[in-house]
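Here are some notes for a colleague who is opening this structure for the first time. They take up the contacts between chains and then one residue in more detail.

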Amino acid sequence: MRADKDNPDKEGHHYALWGLIVGGVAFSFAVYRATSKALSKVFSAIGKTPNSPSADLALTPAPAVAPEPHGRDADRDIEPVSRSEFEDRQRVGLVFVVSAFSAAIAAGVGFLFVYWTGGSNMLLGGTLALSFGGLGAALVLWAHWLMREREAVEPREPLPSSTHEREDASKEFFAGERQIHRRKLLTGMTAAVLGTFAAIVISLLRSFGPPPASFMFPAVWKRGQRLVTGTGTRVSMDTLEVGSYVTVFPENSIGSVNAQTMLIRVAEQALRLPKERAGWAPMGYVAYSRVCTHAGCPVGEYETETDLLLCPCHQSTFAVLDAAQPTSGPAARALPQLPLYVDQDGYLCAGGDFTEPPGPGFWGMP
Amino acid sequence: MIGFLARWFDARLHLAKTARRAFDHVFPDHWSFMFGEIALYSFVLLIITGAFMAMFFDATGAKVSYDGSFKELVGISVPAAYRSVLHLSFDVPAGLLVRQMHHWAALIFIGAIVAHLARLFFTAAYRRPREINWIIGVTLLILALFNGYFGYSLAGDLLSGSGLRIAYAIVLSIPLIGSWLASILFGGVVPTDVTIPRMYMAHIFVIPAMLAALVALHLGIIWRQKHTNYPGPGRTDETIVGSRLWPTYTAKSLGLCFLVFGFIAALGGLVQINPVWIYGPDNPTAILPGAQPDWYLGWIEGALRLFPGVNLRIAGGLVPEIFFPGVLLPLFVFALLYAYPFIEKAFISVDDKPHNVLRLPYEQPFNTAFGCAAFICLLVLFFAGSDDVIAVTLGASVVTIREILRILFFVAPAVTAVVVYAGCSMWQRRSESHRHLRSLARPEFLAVTGDPKMKDSAARTTLPG
Amino acid sequence: MPTRLRLLLLLMLPLASQLAWCQTPGTGGSPDGSAVYAQHCATCHGPEGEGVNAIISIAGPSLQAVHDRQHVLEMVRNGKDVMPTFGNVLSAQQIEAVADYVTQHIAVISVSGGDLTQGGVLFRENCAACHRTAVRGGVLAFTGMNAPALTGKSPSTIAGAVRSGPGPMPAFPPSIINDQQLASIVAYVDFMQKPPSPGGIPMNFYGPVAEGFMAWMAIILLLITTGWIEKRGKG
């Protein structure tokens with residue numbers, strides 16, 4: 001179905017159809033329960049034979065143990081019924097099974113109609129559900145009402161083989177094996193060849209990807225690279241107001257995953273950067289890597305009132321004023337900071353690379 | 001017609017005796033024995049709907065311009081896989097239905113496996129001789145988890161793309177070999193050119209082949225060993241009581257099959273799932289909150305959120321904080337699952353005899369208490385995985401919710417274990433006193449077996465309560 | 001003074017202070033819209049109509065994108081939620097005058113002419129992290145609130161909020177998001193009020209959490225169904 005053809009107002013119809021199906025199923029089941037007893041009486045009244053049914057009991061083997069009331073339904077011994085009673089029951093059951101099959105067929109036809117006239121997903125699914133469900137219900141009702149339930153008791157064979165069988169098998173095996181293990185040199189060489197195959201298979205894994213060194217320590221920013229926004233606009237001193245932020249990239253790699261950076265403007269006097277990063281935030285512009293050090297999601301949420309960067313994935317918070325130290329949540333390391341300076345044209349430039357490789361941690365992290 | 005076919009095949013395959021034995025095969029029928037079948041039939045539907053969708057999917061992450069019927073995205077550069085999924089959803093008749101049925105079937109498949117596992121655990125069905133099937137079953141669960149994850153990550157949307165980045169970070173965090181593993185599995189920093197094609201191959205071929213083979217083995221072993229029974233009259237370790245395969249059990253099982261199909265079709269038609277057009281195409285510089293994986297990975301997601309940020313430097317390297325909840329926790333949980341029958345045999349019930357009659361939950365207080373505590377612990381993690389959705393819905397602070405869940409992670413399982421253990425012991429004592437009285441009155445109900453525990457269970461005629 | 005009278009006067013004090021806001025209609029001629037605005041509206045909506053930098057539900061939102069004169073008339077006359085009604089306080093000419101002033105002088109942000117597709121791209125890059133691509137809001141930390149859902153918000157409220165950054169939301173000046181881009185974002189938010197949901201009940205676009213919940217409802221129903229299936233028949 002075309003997206004624009006689907007009117008969003010159909011939402012109410014979804015609920016209506018859901019309600020209809022659930023209600024319909026519940027209603028059918030209630031009718032089924034209510035009428036089964038009544039129908040049994042009706043059918044037995046109609047089909048009652050004048051003969052006593054005692055002779056028919058021979059068809060039903062008496063259970064080995066007298067039935068006792070049990071807690072669990074399925075473990076109950078079968079209640080024996082006479083043949084004529086069972087036939088009455090079958091007449092009742094036939095009504096139910098036929099209704100279920102008819103519903104299934106009707107729904108199936110309905111599906112075909114909806115499909116060929118380009119109908120909605122709702123109707124397609126609803127009709128298919130009724131069709132499948134009708135067939136399933138019909139089969140179960142068939143088992144309940146039309147089939148004789150007989151409890152079977154069988155012995156379980158012991159699973160371990162007998163001593164005799166085991167001896168036979170091991171004799172056969174060792175008779176052949178003797179011809180192999182006497183040849184110590186050859187078995188040793190077989191092992192050696194298999195060992196080389198194992199080494200080959202493990203080595204072939206190398207083909208699946210480049211050596212880590214090629215992607216683990218990317219040089220993302222270089223000194224002197226200008227910061228640009230996603231649309232390519234260079235960042236100057238009046239691009240942001242205090243309490244604003246923008247995502248920036250190096251000038252020639254917009255969209256770079258590793259280089260994506262959050263550029264935030266805060267009140268300069270509020271910053272509490274460590275001494276060695278004193279000049280890194282001209283006019284309150286401070287830049288941190290946007291890749292979360294926890295699991296690599298872009299840290300896209302900036303909260304102005306609390307000056308926190310919040311990662312939406314696992315809710316780690318980083319304090320913008322304190323060199324992006326993690327203040328809560330599962331992240332353990334601060335976001336790497338990017339040193340900034342203003343070049344002679346008034347544009348913000350990177351003063352070097354990030355303090356650490358951006359992104360989640362790994363064993364070889366410096 | 002059937003007669004002709006039967007004779008034709010029998011003349012070539014010697015089938016009559018096997019068929020006769022098969023028709024007579026006894027299946028104990030209790031409703032709780034059907035959970036595995038729900039999983040099996042969902043798997044069948046997954047294969048059927050998956051085959052349909054595979055005819056439309058474009059398994060590459062290369063960028064193309066979207067030109068389909070969803071107007072909000074027309075003209076944007078999207079992964080080709082994403083475009084094919086949108087094409088299937090909007091422009092292929094019944095395409096959206098099949099796609100949604102596939103995804104719902106996956107959720108139900110894994111849920112049914114978990115329900116089945118719970119039933120097995122609480123009735124101690126993993127005891128000898130069924131340890132093999134238990135191990136196969138846990139393996140099936142792990143494979144299903146991976147396959148589901150790869151499946152929804154194929155669409156190339158923003159939500160699953162975020163999940164990929166998290167998975168990459170988890171693999172990277174493994175000490176010493178993490179970056180090599182990440183390179184082998186992902187081909188570099190996700191998303192690479194091979195990410196989608198590789199996941200596709202795993203999702204439609206490698207893992208389903210292993211699943212199918214293991215499921216066939218699983219069923220074959222059940223057939224061979226015969227199913228277990230709940231305790232009851234006539235049910236011993238040497239006899240099996242139930243109904244025959246043909247025709248009753250066949251009808252009921254096929255009925256369940258189509259009812260499962262019906263439920264999944266109803267969900268697929270009426271409840272929207274994974275609307276990738278709302279999330280937008282994958283973009284490593286964008287993100288959205290409420291980025292959860294599918295439900296069956298919610299426990300790992302919750303652990304990732306709850307585990308505090310600890311910096312661990314040992315032997316000259318960094319062990320990142322996500323290593324513990326992302327790698328060690330799942331390894332520990334699955335190792336425990338695999339080993340449980342052997343641990344239980346060695347230390348708890350100290351019993352290596354074969355059992356074909358199940359143990360009821362209250363007859364094994366330690367296992368039941370442990371199982372309930374583990375379940376509650378995982379439940380806390382599931383809640384933690386959706387803590388931001390809870391926070392937004394209740395208008396509460398996610399930080400507070402996180403702190404509460406951190407405490408509950410330790411307190412709730414401990415309390416549960418104590419309560420359940422006490423409850424089981426009480427119930428056991430009560431039923432023993434009932435049994436004692438009854439056994440005095442009805443000696444003929446004592447089944448003749450060697451195991452005194454067995455005798456008592458079989459002799460029970462009325463469940464307490 | 002008798003106690004009851006004193007009590008009565010005391011009770012009338014708040015009423016009296018309200019009455020003090022009342023102004024008799026201006027000194028002949030048409031009332032000055034900017035004066036009315038300065039006296040009655042600026043406290044909550046800011047002197048330039050930029051909104052007060054607090055949470056929108058407490059103080060006034062930005063008016064800088066309000067172009068609908070009829071809407072201004074209705075809001076001033078009838079109020080809404082926390083905005084009081086001025087229908088009894090201002091005369092009809094005063095209300096007309098302030099409506100003119102707002103739509104002609106305060107409303108400087110245009111919200112028309114936006115491109116839906118471009119708006120989607122911009123929204124996903126700048127806004128989705130807090131508000132979700134389905135514009136149903138998201139979680140924040142330590143701010144006492146969560147990022148609100150954008151459903152049911154008028155285009156002018158959205159545009160005004162983007163420029164003014166109420167509460168913990170950062171402001172996006174024209175140097176980052178120019179007017180045409182802002183109009184596009186507004187168009188996207190409008191589209192997402194009720195996005196196409198051909199798949200069925202959208203469950204408010206909660207995502208995998210709601211889907212998992214639904215799946216477990218279905219599984220529990222299936223487990224109950226097995227109870228029905230394995231009900232014993234008769235032999």
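1. Glu230(C) and Lys252(B) join their side chains in a salt bridge, with N and O 3.3 Å apart; the term stands for a side-chain nitrogen of Lys or Arg within 4 Å of a carboxyl oxygen of Asp or Glu. Between chain C and chain B the count is 2 salt bridges.

2. The model is predicted: local features need pLDDT of at least 70, side-chain atom pairs count only at pLDDT 80 or more, and totals for chains, interfaces and linings use all residues. Residues are numbered from 1 along each chain as its sequence is written, chains are lettered from A and ligands numbered from 1 in the order in which they are written, and side-chain values use heavy atoms, with hydrogens and water left out.

3. Chain C puts 53 residues in contact with 63 residues of chain B, contact being heavy atoms within 4.5 Å. About 4,700 Å² is buried between the two chains, 71% of it on carbon and sulfur atoms; buried area is the accessible area (1.4 Å probe) that two parts lose on being put together, summed over both. Of the area that chain C buries against chain B, 14% comes from Arg124(C), Leu222(C) and Glu230(C), more than from any other three residues.

4. Between chain A and chain B, the contact takes 83 residues from chain A and 105 from chain B. These chains bury about 7,800 Å² between them, 63% of it on carbon and sulfur atoms. Across this interface there are 3 salt bridges. Glu321(B) forms a salt bridge with Arg333(A), the closest N and O atoms being 3.6 Å apart.

5. Where does Tyr66(B) lie? Its place is the loop between β2 (63-65) and β3 (77-79) of chain B; strands are DSSP runs of E, at least two residues, numbered from the N terminus. Tyr66(B) is buried, with a relative accessible area of 2%, where buried means under 20%, exposed over 50% and partly exposed in between (1.4 Å probe, protein chains only).

6. Leaving aside neighbours within four places in sequence, Tyr66(B) has contacts that include Leu73(B), Ile76(B), Arg83(B) and Phe90(B). The side chain of Tyr66(B) also reaches the backbone nitrogen of Phe70(B) at 3.1 Å, and a polar atom of that side chain lies 3.3 Å from the backbone nitrogen of Ser69(B). Ser84(B) is 18 residues from Tyr66(B) along the chain, and their C-alpha atoms are separated by 9.4 Å.

How values were computed: Helix = DSSP H or I, 4+ residues; strand = E, 2+ residues; numbered from the N terminus. Polar contact = N/O pair within 3.5 Å; in protein donor to acceptor, adjacent residues only side chain to side chain.
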